[in-house]
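Here is a short briefing for a reader new to this structure. Look over the sequence and the model, then take the points below topic by topic.

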Amino acid sequence: QVQLVESGGGLVQAGGSLRLSCAASGSFRSINTMGWYRQAPGKQRELVATITSGGSTNYGDSVKGRFTISRDNAKNTVYLQMNSLNPEDTAVYYCNAEVYALSLRYFEVWGQGTLVTVSS
C-alpha cells in the first residue's frame, strides 16, 4: 500500500509565499510522474504542476511563472513552491503520483489534500 502525505498548507496574505511538500511511503518499485492539483469551492479539480522522474515539468497556465515544482527522488518527495499568491489560488491542493508497484503494474495515488487560503 502506498500513501502520499502532504504538508505545508495554511493561511497567507496576497503576495506571500508557501511551500507544499508531499512524501510517498510504502512498498513500491518506483514513482514516475508526481504532481499537484487543486480544487477550489464550486470548481473542478485542475492541474497545478507535474514533474517526471527525470525532472521534466508541466504547469497549469494560471500558475506559470509563480509556482515551481521540484522533487527529491531519493526521498520520494515532491515540492511546490508558490510565490506571488493571490486569492484565486485559494483551494485544496492534492498531491498525485503514478506508482510502479511491486506487482509490476502502474497505479495512481492521491493524497488527502491540504488547504491553502490566500487572504486579500
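F107 lies in strand β10, which covers residues 106-110. This is a predicted model. The chain has zero helices and eleven strands. One disulfide is counted.

- F107 counts as partly exposed, because its relative accessibility is 34%.
- Beyond its neighbours within four places in sequence, F107 is in contact with V2, A97, E98, V99 and A101.
- D61 sits 46 residues from F107 in sequence. The C-alpha atoms of F107 and D61 are 26 Å apart in space.

**R105, in the loop between β9 and β10**

- R105 belongs to the loop that runs between β9 and β10.
- R105 has a relative accessibility of 62%, so R105 counts as exposed. The cut-off for exposed is over 50%.
- Leaving aside neighbours within four places in sequence, R105 is in contact with V99 and Y100.
- V99 is also on the contact list of F107.
- R105 and C95 are ten residues apart along the chain. Their C-alpha atoms are separated by 20 Å.

**The chain as a whole**

- From the N terminus on, the order of elements is β-β-β-β-β-β-β-β-β-β-β.
- The radius of gyration is 14 Å, close to the 14 Å that the globule rule gives for 120 residues, so the chain is as compact as a globular protein of that length.
- Taken along the principal axes, the C-alpha atoms fill a box of roughly 50 × 25 × 20 Å.
- Of the 120 residues, 41% count as buried.
- Consider contacts between residues at least 6 apart in sequence: 54% of these join residues at least 24 apart.

**Surface and charge**

- The chain exposes about 6,400 Å². Carbon and sulfur atoms supply 46% of that area.
- There are 10 positive and 8 negative side chains.
- The centres of the positive and negative sets lie 5 Å apart.

**The disulfide**

- Which residues does the disulfide join? It joins C22 to C95, with an S to S distance of 2.0 Å.
- The pair links distant parts of the chain, 73 residues apart. C22 is in strand β3, residues 18-26. C95 is in strand β9, residues 91-100.
- A disulfide is a covalent bond between the sulfur atoms of two cysteines.
- The torsion about the S-S bond of C22 and C95 is about -85°, so the disulfide is left-handed.
- Are the two cysteines buried or exposed? C22 has a relative accessible area of 0%, so C22 is buried. C95 is buried as well, because its relative accessibility is 0%. The cut-off for buried is under 20%.

**S53, in the loop between β5 and β6**

- S53 has its place in the loop between β5 (46-51) and β6 (57-59).
- S53 counts as partly exposed, because its relative accessibility is 41%.
- I31 and S53 are 22 residues apart in sequence. In space they are 7.1 Å apart, C-alpha to C-alpha.
- What does S53 contact beyond its neighbours within four places in sequence? S53 is in contact with I31, N32, R71 and N73.

- N76 has a phi near 50°, a positive value in a residue other than glycine.
- Where is N76 found? N76 is in the loop between β7 (67-72) and β8 (77-82).
- N76 counts as partly exposed, because its relative accessibility is 23%.
- S84 is not a glycine, yet S84 has a positive phi of about 50°.
- S84 is found in the loop between β8 and β9.
- With 44% relative accessibility, S84 counts as partly exposed.

Key:
Residues are numbered from 1 along each chain as its sequence is written. This is a predicted model: local features need pLDDT of at least 70, side-chain atom pairs count only at pLDDT 80 or more; totals for chains, interfaces and linings use all residues. Side-chain values use heavy atoms; hydrogens and water are left out. Helices (H or I, at least four residues) and strands (E, at least two) are DSSP runs, numbered from the N terminus. The radius of gyration is taken over C-alpha atoms; the globule rule is 2.2 Å times the number of residues to the power 0.38. Buried means under 20% relative accessible area, exposed over 50%, partly exposed in between (1.4 Å probe, protein chains only). Contact means heavy atoms within 4.5 Å. Accessible areas come from the Shrake-Rupley method with a 1.4 Å probe; for residues, only the protein chains shown count as cover. Lys and Arg count as positive and Asp and Glu as negative; His and the chain ends are not counted. The place of a charge is taken as NZ of Lys, CZ of Arg, CG of Asp or CD of Glu. A disulfide is a pair of cysteine sulfur atoms within 2.5 Å.
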